[in-house]
Amino acid sequence: MDAATLNSLHVPITEFGVNSGIHAFMNSAWAWPAMESLHFLGLSLLMGTVGIFDLRMLGLARSISMAALHKLVPWGVAGYCVNVSSGFLFFVSDPTQYLYNPAFQLKVLCMFIAGVNMVVFYLTTAKQIKASDAGDFAPLNARIIAAISLAAWSSVIVFGRLITFHRPPDHWCFWCT
Amino acid sequence: MEWLAWFEETALSTWVREEPWVFPFILSVHALGMGLSAGVSTAINLRSLGLAPRVPVELMKRFLPLVWIGFSANTLSGVMLLIGYPAKALTNWLFYGKLLFLALGVWTTIRLCRQLGNPSAEANKKLAVASLLCWAGVIVAGRFLAYTYTILLAMWWVE
């Protein structure tokens, strides 16, 4: 893609946001902070449930079975869905704030890493974990996956928080010259 | 208000507002601490409401230290935010509402953890619902603080 295309990526997204009415809704009284509140509630749900499952795989609270604790993870997935939906509303309402913002780009990268990491978990060691008992240690590969998950989701939160600093100063963008 | 305006001119308050990276760093810590304190409390509450039934409910209090870590991080980062913009928070009634929800959220979570083993699951469930609502209240109030303040800096008001 040439520079002109890259710099006009937001145009069709803006059109979609306006035509679909999302832009008008998000700019109505209190809609933006209300959606942000949902975004933060979803974040807490995801971090609370997936986070303690990851920490258990890393050895915290070993008296709790990993298989039993895994039943809370779907609630984290619910939080994730809330956040993808509310995030979509922000994105199409003001695409220039996000598309060219290094904090947003890094956030999406970390979400991608967390997603691949999750797929690897369910394809490899999840079966062992679901068959484990209270007191069991997680195998090494599960512990590595848990550590990556915690690091990736924490980074998603931090980079998400940094998006606020719209059009950050140049030194934020370490790949820019 | 004069006192707040004076405070905003101190080196520490100016540092929080103006030093590159300091304010975003504090906000990031505050968001992570929120995920930890509100999130882990939520997980304890969800278990008390009957989810993940094979987890022995009284063992959920093993996760309470995580709530304290998040709470400590957020007390520290919250005080730093208050040092940077004291008038913004102190002149907004919603800020006191947030503190009230926070106190109730922490109190209900601790109380729930103390009585998790007891057989009255019904009482625990009521407490868990109250706790979930309080933590949600903290988050919603906190987010709306960025939109409902009337005075950003007292120093602009006084002069």
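Biologist: Read along the sequence, what pattern does chain B follow?

Modeller: This is a predicted model, in which local features need pLDDT of at least 70 and side-chain atom pairs count only at pLDDT 80 or more, while totals for chains, interfaces and linings use all residues. Residues are numbered from 1 along each chain as its sequence is written; chains are lettered from A, and ligands are numbered from 1, in the order in which they are written. Helices (DSSP runs of H or I, at least four residues) and strands (runs of E, at least two) are numbered from the N terminus, and chain B has eight helices and zero strands. The pattern of chain B is therefore written α-α-α-α-α-α-α-α.

Biologist: What percentage of the residues in chain B is buried?

Modeller: A residue is buried if 20 or more other C-beta atoms, placed from the backbone, lie within 10 Å of its own, exposed if 12 or fewer do, and partly exposed in between. The C-alpha atoms of chain B fill a box of roughly 60 × 25 × 20 Å along the principal axes. Of the 159 residues in chain B, the buried share is 38%.

Biologist: Which element gives the largest share of the side of chain B that touches chain A?

Modeller: Two residues are in contact if their C-beta atoms, placed from the backbone, lie within 7 Å, and the contact between the chains takes 27 residues from chain B and 28 residues from chain A. On the chain B side, the elements that give two or more residues are α3 (22-48) and α7 (121-148). The largest share, 14 residues, comes from α3(B).

Biologist: How many residues of the side of chain B that touches chain A are nonpolar?

Modeller: Ala, Val, Leu, Ile, Met, Phe, Trp, Tyr, Cys and Pro count as nonpolar, Asp, Glu, Lys and Arg as charged, and the others, Gly among them, as polar. On this side of chain B, four residues are polar and three are charged. The number of nonpolar residues is 20.

Biologist: At what angle do the axes of α4(A) and α10(A) cross?

Modeller: Axes are lines fitted to C-alpha atoms, for helices over the stretch in contact, and angles run from 0 to 180 degrees between N-to-C directions. Helix α4 (residues 31-57) and helix α10 (residues 140-162) of chain A have axes that come within 9 Å. Their crossing angle is roughly 155°.

Biologist: Why is α4(A) called roughly antiparallel to α10(A), and what is the handedness of their crossing?

Modeller: Angles under 35 degrees count as roughly parallel, over 145 as roughly antiparallel, 65 to 115 as roughly perpendicular and the rest as oblique; the crossing angle of roughly 155° therefore makes α4(A) roughly antiparallel to α10(A). The residues in this contact include A:L43 and A:M57 of α4(A) and A:W153 and A:I157 of α10(A), and by class there are 10 nonpolar, two polar and two charged residues. A crossing is left-handed if the near helix is turned anticlockwise from the far one by less than a right angle, and right-handed if clockwise. The crossing of these two helices is left-handed.

Biologist: How many nonpolar residues does the contact of α8(A) with α10(A) have?

Modeller: Helix α8 (residues 102-123) of chain A packs against α10(A) at about 160°, with the axes 8 Å apart, which makes the pair roughly antiparallel. Their crossing is left-handed. Among the residues that meet are A:C110 and A:F121 in α8(A) and A:S149 and A:F159 in α10(A). The contact has four polar residues and one charged residue, and the nonpolar count is 15.

Biologist: Is A:W30 buried or exposed?

Modeller: A:W30 lies in the loop between α3 (22-26) and α4 of chain A, and has a positive phi of about 70° although it is not a glycine. Most residues other than glycine have a negative phi. Because A:W30 has 11 C-beta neighbours inside 10 Å, it counts as exposed.
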